[in-house]
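Open the model in your viewer and keep the sequence panel beside it. We will go from the whole chain to single residues.

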Amino acid sequence: MNGEDVPSCVACDCDLIVEYILIECKDFVGARQRYYNAENLQQLFQEISVTYVFDFLHEIGLFYRTLVLFVQDYM
Ligand SMILES: [Zn+2]
């Protein structure tokens, strides 16, 4: 992450970085709980099928954005 132009979430004003989208952002709690329950990224990737994560991201409309962020941050 280089800090430039990070979009923030309308609901709770958090930065829309991968960990907030997948774990923390309160705006997505309802959708998230229908697909998985994880307390941090490590648990998510260890215990949750990536299929559920992708379905969640599609539902909230952030699939491609999160994918781009993920590649930037973790690849
Ligand atoms: Zn948020």
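This is a predicted model: local features need pLDDT of at least 70, side-chain atom pairs count only at pLDDT 80 or more; totals for chains, interfaces and linings use all residues.

**The whole chain**

Along the principal axes, the C-alpha atoms fill a box of roughly 30 × 30 × 20 Å.

Now think about burial. Of the 75 residues, 13% are buried. Then consider contacts between residues at least 6 apart in sequence: 26% of them join residues at least 24 apart.

**Before the first helix**

Select Asp13. It lies in the segment before helix H1, which covers 18-24. Look at its backbone: phi is positive, about 65°, although Asp13 is not a glycine. Is Asp13 buried or exposed? With 9 other C-beta atoms within 10 Å, Asp13 is exposed, because 12 or fewer is the cut-off.

Move along to Leu16. This residue also lies in the segment before H1. Leu16 has 17 other C-beta atoms within 10 Å, so it is partly exposed. Leu16 and Leu69 are 53 residues apart in sequence, yet their C-alpha atoms are 9.0 Å apart in space.

**A loop stop**

Select Asn37 next. Where is it? Asn37 sits in the loop between helix H2 (29-35) and helix H3 (41-47). It has 12 other C-beta atoms within 10 Å, so it is exposed. Draw a distance from Asn37 to Glu47. The two are 10 residues apart in sequence, and 9.4 Å separates their C-alpha atoms.

**Helix H4**

Highlight residues 50-60. This is helix H4, and Phe54 lies in it. Phe54 counts as partly exposed, because 14 other C-beta atoms lie within 10 Å.

**The last stop: helix H5**

Highlight residues 63-74, which form helix H5. Check its length with the distance tool. At 1.5 Å a residue, the 12 residues should span 16 Å; the end C-alpha atoms are 16 Å apart, which agrees. While you are here, look down the helix axis. An α-helix has 3.6 residues a turn, so residues three or four places apart point the same way.

How many of the 12 residues in H5 are buried? The count is one, so H5 is hardly covered.

Finish with Val71, which is in helix H5. Val71 has 10 other C-beta atoms within 10 Å, so it is exposed. Last, draw a line from Val71 to Phe28. They are 43 residues apart along the chain, and their C-alpha atoms are separated by 21 Å.

Conventions: Residues are numbered from 1 along each chain as its sequence is written. A residue is buried if 20 or more other C-beta atoms lie within 10 Å of its own, exposed if 12 or fewer, and partly exposed in between; C-beta atoms are placed from the backbone. Two residues are in contact if their C-beta atoms, placed from the backbone, lie within 7 Å. Helices (H or I, at least four residues) and strands (E, at least two) are DSSP runs, numbered from the N terminus. The expected span of a helix is 1.5 Å times one less than its number of residues.
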